[in-house]
Amino acid sequence: MTLTAGLADVSDPVRELDNQRTVDISPLLSPALLREEHPMTAAVAKTVATGRASTVDILDGRDDRLLVVVGPCSVHDPAAALDYAHRLAEHTAPLGDALHVVMRVYFEKPRTTLGWKGLINDPDLDGSFAVNKGLRQARQLLLDISALGLPVGCEFLDPITPQFIADTVSWGSIGARTAASQVHRQLCSALSMPVGIKNSTEGDVQVAVDATRAASAGHVFPGINADGLAALITTAGNPHCHVILRGSAAGPNHDSATVADTLGKLRAAGLPERVIIDASHGNSGKDHVRQGEVVRELARRTGSGEQGITGVMIESFLAEGRQELTLGEASELTYGQSITDACLGWESTAELLDELAAGVRTRRNQAGR
Ligand SMILES: O=C[C@H](O)[C@H](O)COP(=O)(O)O
Ligand SMILES: C=C(OP(=O)(O)O)C(=O)O
């Protein structure tokens, strides 16, 4: 066969059926290799085990503290995230009797249309998509933060990413755009940590209740094993999934009536009655100032003894607000400020955490009378 004849084969009608829109397929490191390069330590394992167990105790009502998931909307600069983690760990150590603090360390961003999809997908913030580098940076940061004794929480978006990092994660989340996805519900059924599932962007809470129920059952589905090979995964189901009320484009849903209604939906589905309130997103209209008002209201409501709210999510970073990322110009960014949703700044976050802790202590004192 001549070379020309060989090239002519490329236009073979059978071959033309496949890979017509795939531009490139390149090597991805395996989960086992990443875990060997960035190994779990005894200190991190203790943080993760305690972080998960405390969350489960709070969700099941054996621990009257509030779960607080707080941190940046997304991590784009691991050094700034670690700087934030140091401040958070130091500030919240004396609040540990009232709050179980988990740092939001989100590497995967689900976009409404298009945009930067997070540190794992594009760690150099320039459209070069150095995913192997992103996975290495993500895993190392999760280990570094957990080594401070601060448990970490991640949103899981890509169904194979958890194999690379999930052993380091104390709390997981499924976002508003994927709560209805069977793929993500199956994934939740396999995850070893408690997972919060959001109401839809349109405000449908039932979809999160349904997801919680689906995730509590066992499933069999295709995935990858530790070596990155295709595998059939059989799961036992996750009994520690819970609903997160995040509001919607139509407005907030953190009010007492919606909380009570959601608890009723959970009861009707035979599920534990517990919710987390996300103070950001639809509950704040993505306005960080309003987010502070929501957290303050939740602190007041906790202090007055309202039941059912087991946790609060807060988007917070070193500098308040947000900034626009221009791909390839990461050096122009303000240190410690979000490049996705607007966040509360560190100073106001610290004050709000104090108020949440005060609310829990008041509730405890009143219950003890
Ligand atoms: O929390 C993050 C964002 O709200 C989510 O990723 C959607 O962002 P977008 O609407 O800017 O794409
Ligand atoms: C993407 C997020 O939220 P939601 O899914 O509620 O939009 C998030 O919490 O980062």
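Ala, Val, Leu, Ile, Met, Phe, Trp, Tyr, Cys and Pro count as nonpolar, Asp, Glu, Lys and Arg as charged, and the others, Gly among them, as polar. The legends below describe close-up views of a predicted model.

**View 1. The residues around ligand 1.** Of the residues in this shell, 2 are nonpolar, 4 polar and 3 charged. The shell is made up of Cys73, Lys109, Pro110, Arg111, Thr112, Gly115, His281, Thr340 and Asp341.

**View 2. The residues around ligand 2.** Around this ligand lie Cys73, Tyr106, Pro110, Glu155, Gly175, Ala176, Arg177, Lys198, Arg246 and His281. By class, 4 of the residues in the shell are nonpolar, 2 polar and 4 charged.

**View 3. The largest nonpolar core and valine 68.** This core holds 85 residues, and those with the most contacts inside it are Val68, Leu99, Val105, Val312 and Leu356. Helix 5, residues 131-147, gives the most to the core, with 6 residues. In soluble globular proteins, nonpolar side chains tend to be buried together. Which residues does valine 68 touch, not counting residues up to four places away in sequence? Valine 68 touches Leu99, His100, Val101, Gly311, Val312, Ile314, Leu353 and Leu356.

**View 4. Strand 4, helix 7 and strand 5.** Together these elements make a right-handed β-α-β unit. Strand 4 covers residues 171-174 and pairs with strand 5 in the parallel sense, over 3 bridges. Serine 173 has glycine 196, in strand 5, as its bridge partner. Helix 7, residues 182-190, is mostly covered, with 7 of its 9 residues buried. The buried residues of helix 7 are His184, Arg185, Gln186, Leu187, Cys188, Ser189 and Ala190.

**View 5. The two sides of strand 5 and its pairing with strand 8.** In strand 5, residues 195-198, Val195 and Ile197 point one way. Gly196 and Lys198 point the other way, and all are buried. Strand 5 also pairs with strand 8, residues 241-247, in the parallel sense and over 4 bridges. Opposite lysine 198 stands isoleucine 244 in strand 8.

**View 6. The hairpin of strand 6 and strand 7.** Strand 6, residues 220-224, and strand 7, residues 230-234, run antiparallel and are joined by 5 bridges. Isoleucine 224 stands opposite alanine 230 in strand 7. The hairpin has 5 residues between the strands, and glycine 228 takes a positive phi near 85 degrees there.

View 7. Most residues other than glycine have a negative phi, and most peptide bonds are trans. Asparagine 19 has a phi near 55 degrees, a positive value in a residue other than glycine. Asparagine 19 sits in the loop between helix 1 (3-8) and helix 2 (31-37). Asparagine 19 is exposed because 9 other C-beta atoms lie within 10 Å, and the limit for exposed is 12 or fewer. For lysine 286, phi is near 60 degrees, also a positive value in a residue other than glycine. The loop that holds lysine 286 runs between strand 9 (275-282) and helix 10 (288-303). Lysine 286 counts as partly exposed because it has 17 C-beta neighbours inside 10 Å.

**View 8. Serine 256 in helix 9.** Helix 9, residues 256-268, contains serine 256. Serine 256 has 13 C-beta neighbours inside 10 Å and therefore counts as partly exposed. Leaving aside neighbours within four places in sequence, serine 256 is in contact with Arg301 and Glu306. Serine 256 and arginine 65 are 191 residues apart along the chain, and their C-alpha atoms are separated by 19 Å.

**View 9. Aspartate 122 in its loop.** Aspartate 122 lies in the loop between strand 2 (99-104) and helix 5. Why does aspartate 122 count as buried? There are 20 C-beta neighbours inside 10 Å of aspartate 122, and a residue is buried if 20 or more lie within that distance. Beyond its neighbours within four places in sequence, aspartate 122 is in contact with Trp116, Lys117, Gly127, Ser128 and Phe129. Valine 360 is 238 residues from aspartate 122 in sequence and 40 Å from it in space, C-alpha to C-alpha.

Conventions
Residues are numbered from 1 along each chain as its sequence is written. Chains are lettered from A and ligands numbered from 1 in the order in which they are written. This is a predicted model: local features need pLDDT of at least 70, side-chain atom pairs count only at pLDDT 80 or more; totals for chains, interfaces and linings use all residues. A nonpolar core is a set of buried Ala, Val, Leu, Ile, Met, Phe, Trp, Tyr and Cys residues joined through C-beta atoms within 7 Å. Two residues are in contact if their C-beta atoms, placed from the backbone, lie within 7 Å. A residue is near a molecule or strand if its C-beta atom, placed from the backbone, lies within 6 Å of it. Two strands pair if DSSP finds at least two bridges between them. A crossover is right-handed if, with the strands pointing away from the viewer, the path from the first strand over the helix to the second runs clockwise.
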